[in-house]
Amino acid sequence: MDPRTNPYAPGAGTPPPELAGRDELIEKAAVALDRIRNGLASKSLLMVGLRGVGKTVLLNRIQRDAEARGLVTIFLEAPEKRSLPALLAAPLRAALLKLDRLAAAGNLAQRALRVLGGFIGSMKLKYDDLEFGIDLGLEPGIADTGDLESDLSGLLQAVGEAARENETALVLFIDELQYVKEPQLAALITALHRCAQYQLPITLVGAGLPQLVGQTGRAKSYAERLFAFPEIGPLDPAAAEQALCAPALKLGVAFEQAALDEILRRTKAYPYFLQEWGKHSWDYAKQSPIILSDVVSATEQVIAELDGSFFRVRFDRLTPAEKRYLRAMATLGKGPHRSGDIAQVLGKEVRSVAPTRATLISKGMVYSPAHGDTSFTVPLFDEFMKRVMPDQ
Ligand SMILES: Nc1ncnc2c1ncn2[C@@H]1O[C@H](COP(=O)(O)OP(=O)(O)OP(=O)(O)O)[C@@H](O)[C@H]1O
Ligand SMILES: [Mg+2]
């Protein structure tokens, strides 16, 4: 069928034509944010899930809804190698300028801007990726000690007070939160905790890989009481069918049930893969309905494409030892696997391969769902490892 009208949207953070199966979570987030705006207690949301399950898309959607309800938001993605203060500075400044413009009376946004100025000045000495040309003024004695934990608390408190003055809330959306270094994550948690104690309307909606749960717990033991960790996973079968059928139906195109069954079997209902299979099955089909043989013909090309991009970019970042480790996991199957079993496949001692496992965790390739267990963070990566390293 016409590739020009193909509705599917495989990609990273690309809005899907139908955001299926997430209504409950979107509503839960809206309730939490509105409660926080009104000074009521609510846990911050940290959404956790594997690669390609739709975390970024959800963050964007929750942000857009929040903005539409008059909340002030900032969105940032934590890269592997940048400090949290450097990431926060510019977006926070923009949000505070917005609050300042909104302010009918009062001057707490102005004050928070000066606090930000002091914060940047004191943090510059520690984090050399922090640069800021504009002079924001200073608010001596607040957020300028040079200790991230207490300065970030002072800063977010000032920001929260400015938001409250304007009868709104400030929501920090942070994607890929697992890349924030643990001491910086701890400082962020402490700051949010402090703000929650003062019932200030400032909160975090974050997303990250499953290891984020353990990281926050290690950073601060009370994190579990401050955050809810909704697990974002594959869609249930009905939602997966809806993700495929609804966009097609709008264009007058249907799916044969056997075709849907085959896509669900192949994709295990993971959102990113649903978009890929939907896209290629559409392109293969001659007419509506899309039938099983279209899906079967498309599959070969989808896999070739995934192997050349989605899987490949991750594979290329690995050292030879890391590749061998993942290949050993793949030999054992989908996982999770015991460290001892993986070491055995490699013919090594658990101790000698532990550093490899650690770097794979910090690169976001695997995580530990339970003590001593290891799982892939990328769905279907086990099958890819067998294709790309067939003779191990
Ligand atoms: N609920 C959904 N229904 C249908 N498609 C979806 C849904 N959620 C996400 N998608 C699609 O899945 C793909 C991946 O989404 P997204 O980039 O948000 O995942 P992610 O969890 O952030 O992945 P990563 O961990 O790699 O950043 C996109 O192509 C998006 O359009
Ligand atoms: Mg993402």
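Helix α11 (residues 271–284) and helix α12 come within 8 Å of each other, axis to axis, and cross at roughly 125°. Here helices (H or I, at least four residues) and strands (E, at least two) are DSSP runs, numbered from the N terminus, while axes are lines fitted to C-alpha atoms, for helices over the stretch in contact, with angles from 0 to 180 degrees between N-to-C directions. That angle makes α11 oblique to α12; angles under 35 degrees count as roughly parallel, over 145 as roughly antiparallel, 65 to 115 as roughly perpendicular and the rest as oblique. The crossing of α11 and α12 is right-handed, a term used when the near helix is turned clockwise from the far one by less than a right angle, with anticlockwise giving left-handed.

The model is predicted, so local features need pLDDT of at least 70 and side-chain atom pairs count only at pLDDT 80 or more, while totals for chains, interfaces and linings use all residues. Residues are numbered from 1 along each chain as its sequence is written, chains are lettered from A and ligands numbered from 1 in the order in which they are written, and side-chain values use heavy atoms, with hydrogens and water left out.

Turning to the residues involved, Y272, F273, E276, W277, H280, S281 and Y284 of α11 meet D294, V295, S297, A298, T299, Q301, V302, I303, E305 and L306 of α12, where contact means heavy atoms within 4.5 Å. The residues of this contact divide into nine nonpolar, five polar and three charged. In this scheme Ala, Val, Leu, Ile, Met, Phe, Trp, Tyr, Cys and Pro count as nonpolar, Asp, Glu, Lys and Arg as charged, and the others, Gly among them, as polar.

Helix α11 also packs against helix α9 (residues 237–249), at an angle of about 40° and with the axes 10 Å apart. This makes α9 oblique to α11, and the crossing is right-handed. From α9, the residues A240, A243, L244 and A248 meet L274, G278 and W282 of α11. By class, that contact has six nonpolar, one polar and no charged residues.

Between α11 and α12 lies a loop that holds K286. K286 is exposed, with a relative accessible area of 74%; buried means under 20%, exposed over 50%, and partly exposed in between (1.4 Å probe, protein chains only). Leaving aside residues up to four places away in sequence, K286 touches M1 and D294.

Another helix pair is formed by α3 (residues 84–102) and α5 (residues 148–165), which pack at about 15° with their axes 11 Å apart. These two helices are therefore roughly parallel, and their crossing is left-handed. On α3 the contact is made by L84, P85, L88, L92, L96 and L99, and on α5 by L148, L152, L155, L156, V159, A162 and A163. By class, this contact has 13 nonpolar, no polar and no charged residues.

Helix α17 (residues 381–388) has F381, D382, F384 and M385 as its buried residues. Seen down the axis of α17, they fall within an arc of 160°, so they line one face of the helix; the arc is that of the directions from the helix axis to the C-beta atoms. What covers them includes α12 (292–308), α13 (310–315), α14 (320–332) and β8 (373–376).
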